[in-house]
Amino acid sequence: MSLGLSWSEAASVVVSTIGIYLTFVTLLRLIGQRAVANMSSFDLTAATALGAVMGRVILGYTPTLLAGVIGLVTLFALQSLFGLVRRYPRADAAMTNLPLLLMANGQLLEHNLRRAHIIEDELKGKLRLAGIRRYEDVASRDP
C-alpha cells in the first residue's frame with residue numbers, strides 16, 4: 001500500500017475521474033436509465049463491469065490509497081455539483097430522462113417500450129412483481 005502520489009499523478013486522477021463521470025452520465029442520458037434500472041443477472045454483470053472500468057480509469061495503472069481517496073472525493077464533489085445544477089429547471093430537464101408511459105388502457109405502447117429499451121417480457125416481470133396479473137388491470141390513462 002503506497003500513500004505516495006505526485007502532484008501530476010493526483011491531477012491525473014482528478015481529470016480521469018471527471019472524464020469518466022461525464023462520459024457515464026452522458027451515456028446514461030443517451031441510452032436511458034434502463035442501463036442501471038433493471039437488475040437482472042445480465043444487468044448486474046454489466047454494472048459490475050462498468051464499475052471495474054470506471055475504477056481502473058480513475059485510479060490508473062498503480063492504484064494507491066491516496067489515488068482512491070482523491071477519486072472518491074472527486075466523484076462525491078461531482079455528484080454534489082450536479083445536484084446543485086439540477087436545481088435549475090432547464091439544467092434538470094437536460095439531465096433527466098422523463099418517465100415514459102409503457103401501458104395505457106391495458107394496451108402496450110410499443111413505441112415507448114422501444115424508446116425505453118424494454119422488452120415485453122421484462123415489463124411482464126415487473127407487473128408480476130407489482131401483483132398485476134393481466135394487462136387489463138393496469139390503470140387507464142387520465143383523459
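Q: Before we start, what does contact mean here?
A: Contact means heavy atoms within 4.5 Å.

Q: And what kind of model is this?
A: This is a predicted model, in which local features need pLDDT of at least 70 and side-chain atom pairs count only at pLDDT 80 or more, while totals for chains, interfaces and linings use all residues. Residues are numbered from 1 along each chain as its sequence is written, and side-chain values use heavy atoms, with hydrogens and water left out.

Q: OK. How many helices and strands are there?
A: The protein has 7 helices and 2 strands. These are DSSP runs numbered from the N terminus: helices are H or I with at least four residues, and strands are E with at least two.

Q: In what order do the elements run?
A: Starting at the N terminus, the order is α-α-α-α-α-β-β-α-α.

Q: How much of the protein is buried?
A: Of its 143 residues, 24% count as buried. Buried means under 20% relative accessible area, exposed means over 50%, and partly exposed is in between, with a 1.4 Å probe and protein chains only.

Q: Pick one residue for me. Where is Thr-17?
A: Thr-17 sits in helix H1, which covers residues 7-31.

Q: Buried or exposed?
A: Thr-17 is buried, because its relative accessible area is 0%.

Q: Which residues does Thr-17 touch?
A: Leaving out residues up to four places away in sequence, Thr-17 touches Ile-58, Gly-71, Thr-74, Leu-75 and Leu-78.

Q: What does the pair tie together?
A: Tyr-21 is in helix H1 and Phe-82 is in helix H4, so the pair ties together parts that are 61 residues apart in sequence. Both Tyr-21 and Phe-82 are buried.

Q: Changing topic: which residues form the largest nonpolar core?
A: There are 9 of them: Leu-102, Met-103, Leu-108, Leu-113, Ala-116, Ile-118, Leu-123, Leu-127 and Val-138. H6 and H7 are the elements that give two or more residues to this core. A nonpolar core is a set of buried Ala, Val, Leu, Ile, Met, Phe, Trp, Tyr and Cys residues joined through side-chain atoms within 4.5 Å.

Q: What other core is there?
A: A second, separate core has 7 residues, including Ala-10, Val-13, Met-54 and Ala-67.

Q: Back to H7. Which of its residues are buried?
A: Helix H7 spans residues 120-129, and its buried residues are Leu-123, Gly-125 and Leu-127.

Q: What covers them?
A: The cover includes strand S1 (103-104), strand S2 (107-108) and helix H6 (110-116).

Q: What follows H7?
A: Gly-131 follows H7, and its phi is positive, near 85 degrees.

Q: How many salt bridges are there?
A: The count is 3. A salt bridge is a side-chain nitrogen of Lys or Arg within 4 Å of a carboxyl oxygen of Asp or Glu.

Q: Last one: which residues form the nonpolar patch on the surface?
A: Leu-65, Leu-66, Val-69 and Val-73 form the patch, with about 320 Å² of accessible area together. Patches are made of residues with over 30% relative accessible area and no salt bridge; like charges are joined within 9 Å, and nonpolar side chains (Val, Leu, Ile, Met, Phe, Trp, Tyr) within 5 Å. Accessible areas come from the Shrake-Rupley method with a 1.4 Å probe, and for residues only the protein chains shown count as cover.

Q: Where does Val-69 sit?
A: Val-69 is in helix H4, residues 65-85. Val-69 counts as partly exposed because its relative accessibility is 41%.
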